[in-house]
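Please take a moment with the sequence and the model that follow.

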Amino acid sequence: QSDKEAQLPKIKALDSTVQGAFGELAQQLEDELTASKAAAARAEAELTAWETLNDAKAGEGNRLKVAVRQAASSVVAACEAKEKHLWAGDPAFVASSSFQGAMAGYMFKNGDRGLGYYIGDGWDQHGGPRWGHHATGARKFAQV
């Protein structure tokens, strides 16, 4: 039996473990998003009830108004975390806040998933770069 054949069951077991953990994390992020949305709805309802009871609009410093803003921020953060997790398993995109040098088979651009490296050759139909050169001399490509 070759070494490769002996390693195959270990690799399959590791893959199963990783996939299971990835799925559990996805569920945790979904639960967090659901809880955040529910908390935001409760905060909004409390604010509306207070404003109705007092026949007035709450000021920016009102604790209920602050709670609504915080709850909304939590929903946005939970959405972003969930989306980031969804893209984490996709090799077609590597998020990057800045150009870190050329990556073989990828082009750096601001696309539908945000700023980062997207699979593609980065060359136009004439064989030249789609967008200039980075200051260090490495090629940098922009969205076409």
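In which element is the place of E51? E51 belongs to helix 1, where helices are DSSP runs of H or I with at least four residues, strands are runs of E with at least two, and both are numbered from the N terminus. The model is a predicted one, in which local features need pLDDT of at least 70 and side-chain atom pairs count only at pLDDT 80 or more, while totals for chains, interfaces and linings use all residues. Residues are numbered from 1 along each chain as its sequence is written, and side-chain values use heavy atoms, with hydrogens and water left out.

E51 is buried, at a relative accessible area of 14%; buried means under 20% relative accessible area, exposed over 50%, and partly exposed in between, computed with a 1.4 Å probe on protein chains only. Leaving aside neighbours within four places in sequence, E51 is in contact with A56, K57 and A58, contact being heavy atoms within 4.5 Å. D55, by contrast, is exposed, with a relative accessible area of 74%, and is found in the loop between helix 1 and helix 2. Most residues other than glycine have a negative phi, yet phi of D55 is near 50°, a positive value.

A58 also takes part in the largest nonpolar core, whose 10 residues are L33, A40, A43, L47, A58, L64, V68, A71, V75 and A78. Such a core is a set of buried Ala, Val, Leu, Ile, Met, Phe, Trp, Tyr and Cys residues joined through side-chain atoms within 4.5 Å. Helix 1 (3–54) and helix 2 (63–88) are the elements that give two or more residues to this core, and helix 2 gives the most, with 5 residues. V75, one of the core residues, is in contact with L33, S36, K37 and A40 when its neighbours within four places in sequence are left aside.

The aromatic rings come next. The structure holds 3 aromatic pairs, a pair being rings of Phe, Tyr or Trp (its six-membered ring) with centres within 6.5 Å, counted as stacked when the planes are under 30 degrees apart, edge-to-face over 60, and tilted for the rest. Why is the pair of F99 and F108 edge-to-face? The ring centres of F99 and F108 are 5.5 Å apart and their planes lie at 70°, so the pair is edge-to-face. F99 is buried at 11% relative accessible area, and F108 is buried at 6%. Together with Y117, F99 and F108 form one aromatic cluster.
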